[in-house]
Amino acid sequence: MPALLIFGLCTTAFAAVPPGNPLLPPAVVVPPDIHEIAPDQVMRQMVDHPETVIIDVRTEDERHTRGYILNSLNLDYFLGQRTLEALGKLDKTKPCIVHCAIGGRAQFIAVQMHQLGFKDIFLLKGGFNAWAATGQAIAK
């Protein structure tokens, strides 16, 4: 039910939910000024821009069972309006790297961030699964 709630709250620039799986985020068109960043480029981003915020939109259960990127901010995609309100309170001038498990939820949230006025948004290419698969550090 929370997944359906978020779909109703955010209606601009989204296609219909794919039939048969209401838990998938809706398809989105990612604006060209939202860029992908490879897992092995994240540390360079953090060194060059230490103010960068890493936003993990997975559930707390996913973070607990799979681990998470150290110092990442958890804003669960499935919390709908609460997540959007939390995003609205963040500094829109700071660079942000958004990720979920593989990328779908993160794309949705990145588009929302773009609409909220965030200026420097990156999507973690391949999501947390790619992060883990490339041997990057994982906090438990």
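What percentage of the 140 residues of the protein chain count as buried? A few notes, starting there.

1. **Burial and basis.** The figure is 42%, out of 140 residues, where buried means under 20% relative accessible area with a 1.4 Å probe on protein chains only. Keep in mind that this is a predicted model, with local features needing pLDDT of at least 70 and side-chain atom pairs counting only at pLDDT 80 or more, while totals for chains, interfaces and linings use all residues. Residues are numbered from 1 along each chain as its sequence is written, and side-chain values use heavy atoms, with hydrogens and water left out.

2. **Layout.** The protein chain has six helices and five strands, taken as DSSP runs numbered from the N terminus (helices H or I, at least four residues; strands E, at least two). Reading from the N terminus, you get α-β-α-β-α-β-α-β-α-β-α. Among contacts (heavy atoms within 4.5 Å) with a separation of 6 or more, 67% link residues 24 or more positions apart.

3. **The sheet.** The five strands form an open sheet with parallel pairing, in the order β1-β5-β4-β2-β3; two strands pair if DSSP finds at least two bridges between them.

4. **Around β5.** Strand β5 (residues 121-124) runs parallel to β4 (residues 96-99), joined by three bridges. Here V98 has L123 as its bridge partner, and I97 stands opposite F122.

5. **The largest pocket.** About 220 Å³ of space lies in it, the volume being what probe spheres set on the grid points fill, with points joined across faces, edges and corners. A pocket is an open set of points on a 1 Å grid over the protein atoms alone, where a 1.4 Å probe fits, with protein on both sides within 12 Å along at least five of seven lines; lining residues have an atom within 4 Å of a point. Helix α2 (residues 42-48) gives the largest share of the lining, three residues. The lining includes V42, M43, M46 and W131, and divides into ten nonpolar, two polar and no charged residues. Nonpolar covers Ala, Val, Leu, Ile, Met, Phe, Trp, Tyr, Cys and Pro, charged covers Asp, Glu, Lys and Arg, and the others, Gly among them, are polar.

Terms used
Buried < 20%, exposed > 50% of the residue type's maximum accessible area, 1.4 Å probe, protein only.
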